[in-house]
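This briefing is intended for a reader who is meeting the structure below for the first time. Please keep the sequence and the model in view while reading.

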Amino acid sequence: IMVTHKEFETAGKVPGLQVWRIENLDLKPIPKNLHGSFFTGDAYILLYTSNAPVPSYNIHMWLGDECSLDEGGAAAIFSTQLDDFMGGKPVQYRETQKFESTTFLGYFKKGITYKRGGVSSGFQHVVINDINEKRLLHVKGRRAIRATEVEMIWSSFNQGDCFIIDLGKDIYQWCGSECNRFERLKASQLAISIRDNERNGRAKLQMVEEGCEPDAVLEVLGPKTKIAPATPDDEKVETLNKKKGALYMISDASGSMREEVVAQTSPFKQAMLSHEECYILDNGMDRNIFVWKGSKANTAERKAALAAGQKFIKDRGYSDKTQIQVIPAGAETTLFKQFFSDWRDKNETTGPTKAYTMGRIAKVDQVPFDASTLHQSSTMAAQHSMVDDGSGKVQIWRVEGGAKVPVDPSNYGHFFGGDCYLILYTYNLGGRDMHIIYTWWGQKCTQDELAASAFLTVKLDDSMGGSPVQVRVTQGQEPPHLMSLFKGKPMIIHSGGTSRKGGQTQASSTRLFHIRTSSSGNTRAVLATAASLNTNDVFVLKTTSALFMWRGTGATDEEMKAAKHVEMFLGGNATPVAEGKEPADFWSALGGKAEYQTSKTLQSCIKTRLFGCSNKTGNLSVEEVPGDFTQSDLATDDVMLLDSGDQLFLWIGNDANEEERNGTPKLAKEYIETDPSGRRGIPITTIKQGAEPLTFIGWFQGWDPKMWDTDPLERIRARF
């Protein structure tokens, strides 16, 4: 008999993230703006829903270090029941504090926060705008950011890390004398997230250097004592594929679950998996266990999959921090498929190097944007606080001369990189008007405009009684809800210039717009250069005498629909151009035919992986970048490893040290030689920061060759 629950009724109905806490052995939903905060004494259930290109689901059971056996047991039961309610389609993950999967961490690009206490000790999730808040967060991590609540005393601090001193109305980011620039940058993103989400943008944020603490901090912490030296990072599980796996068939034919060896070591063959059975892939030495459910396996075996995985861990004596993935046939994850030398997905005819898919990320995409598909797929992207479908009232002002000047509604949706904008959105919730103020900062706006926009935002907020939610947005990082405000039209970003009267930059005689859809189903159009041409996307090219709409072989219908809006904006009827059938005047307008990104891997459903290689802790270690990566994830003081399936790139940051430069090529070689899938001999390309080839740039949408001309830390400080 299928068990149901009132919380299951909304599960998976819209794309995005849903989070529940186990309270009194029941499910209690967590508000969207508090996603990413976890009490260490509790257990949680998370559901991530993706719509592109076909619906897929991930269920995560998260266990805090101090959660009770009863709460952990209830979480396991609810996870299994939710999976059953959704027809056994989701992939199930067992997550433990500080040992979360990269899939889980990818939902929280700004970091996750561990808070002391739990429901049993009366701790509730933070009250929004709680000006009486007092807590100290210890921030660790360069790729996966974790902030742990610690005791508010000087002995909690050390010189090698960043700490967030949260005093409600004032938030201080304290930086130890030995913490590096990239860690400061990541801690700043988390501090900004706390201000914008937990304080609705109303707290004052300040950066404090060790030795320069203000009186307000000393009042709370008392007289300063000696700060402890830097401590090494917690032991990390190497994320390179360094260990082999073993494959077992599990069955309850005898009345109790038993296991039978299928293969002692990887790589395996896909034919070893029968759809009438369930299997355990044992990668326990890497703290990973996979339970694969055949589509025709009996119901009892399928429902017992998670329990079988937990029993397997206990019987083998593996760490209780071991991750479990329960995978239904057809929803195999990247980490699972890498153990098979001949894996092919349904309808796939390419070799195993093309099989790097991941349920959550269905295409290679880096956060493009558009509004129309949000309405069509009724996207309510929970992880981006989609409060509604964007059909409310919109007012936009441009910051000019220290004041806000109304933007002509006919120009709504166009944003210029030399401007700052205030967007007021009003919608109705339960008969009451609710408000959001988006403050959008162009990458080429002046410091004066940045300062004026912050002042004008507060002034507008005050004029409305302090009720609006404030969201600060940097060009290129637009949340889906902001993109949904333009009545089905795409949000078009002009890389520079300004929309102000008489000050608008003269449009170039030749313009190329790059249109790409992201994993969340959003599409954006950005002004691009000829080097951006990419087989996976759509481009609209405008010249003095012609208009072309170029479709790469891997482009989607959604991208073509968005391109139609760009065509209307540019005027005229575009000549459709298919990749490989370009007329001569198309290439001449681009300055002649040149090399562009044509990797076949781009056209298949793949998961490209990015790793950071660093010896900042004393030993050369490797850590995967979670979630959809962007150019800003390339740490200039590290060496990065990009695995595109059929090629490996080593990117050397300008500030990487000698040990990282010299040691990473050996790591890359070991990475390929120990790949569980048996991949061998793929090319390894070494490139230096500032001299990236198109074959590398093509994996990063909206690549900015001038990104590192200004200090990223200074850019993010401007958002304080």
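Gly 401 is exposed, with a relative accessible area of 82%. This residue of the predicted model belongs to the loop between β18 (393–400) and β19 (403–406).

**Overall make-up**

- The chain contains 16 helices and 34 strands.
- Of its 720 residues, 58% are buried.
- The chain exposes about 29000 Å², of which carbon and sulfur atoms supply 52%.
- Counting contacts between residues at least 6 apart in sequence, 68% join residues at least 24 apart.

**Two loop residues**

- Gly 401 and Glu 449 are 48 residues apart along the chain, and their C-alpha atoms are separated by 7.9 Å.
- Glu 133 is located in the loop between β7 (112–115) and β8 (135–140).
- Buried is the term for a residue under 20% relative accessible area; Glu 133, at 13%, is therefore buried.
- From C-alpha to C-alpha, Glu 133 and Gly 168 are 4.6 Å apart in space, although 35 residues apart in sequence.

- Strand β4 (residues 43–50) runs antiparallel to β5 and is joined to it by eight bridges; Leu 47 is the residue opposite Ile 59 in β5.
- Strand β6 (residues 91–96) pairs with β5 in the parallel sense, over six bridges, and Gln 92 in β6 is the bridge partner of Ile 59.
- Between β5 and β6 the chain passes through helix α1 (residues 69–85), forming a right-handed β-α-β crossover.

**A sheet of five strands**

- An open sheet with mixed pairing has its five strands in the order β31-β30-β32-β33-β34.
- β31 (621–624) and β34 (684–688) stand at the edges with a single partner strand each, so one side of each has no neighbour in the sheet.
- On average, neighbouring strands of this sheet are turned by 25° against each other, direction ignored.
- Strand β33 (residues 648–652) and β34 run parallel and are joined by five bridges; Trp 651 has Ile 687 in β34 as its bridge partner.
- Helix α14 (residues 658–673) packs on the sheet and touches β30 (609–614), β31, β32 (639–643), β33 and β34. The direction of α14 makes about 165° with that of β33.

**Nonpolar cores**

- In soluble globular proteins, nonpolar side chains tend to be buried together.
- The largest nonpolar core has 38 residues, and the members that touch the most others are Val 139, Ile 164, Leu 634, Leu 642, Phe 696 and Phe 700.
- Helix α3 (residues 181–198) supplies the largest share of this core, namely seven residues.
- Apart from this core lies another, of 34 residues, which includes Tyr 57, Tyr 248, Ala 297 and Ala 305.
- Not counting residues up to four places away in sequence, the contacts of Ile 164 include Leu 136, Val 139, Ile 171, Ala 187, Leu 190 and Ile 194.

Technical notes:
Residues numbered from 1 in each chain as written. Predicted model: local features only at pLDDT ≥ 70, side-chain atom pairs only at ≥ 80, totals over all residues. Heavy atoms only, no water. Core = buried A, V, L, I, M, F, W, Y, C linked by side-chain atoms within 4.5 Å. Buried < 20%, exposed > 50% of the residue type's maximum accessible area, 1.4 Å probe, protein only. Helix = DSSP H or I, 4+ residues; strand = E, 2+ residues; numbered from the N terminus. Contact = heavy atoms within 4.5 Å. Pairing = 2+ DSSP bridges. Axes fitted to C-alpha atoms, helices over the stretch in contact; angles between N-to-C directions. Areas by Shrake-Rupley, 256 points an atom, 1.4 Å probe, with all protein chains shown as cover. Right-handed = clockwise from strand over helix to strand, strands pointing away.
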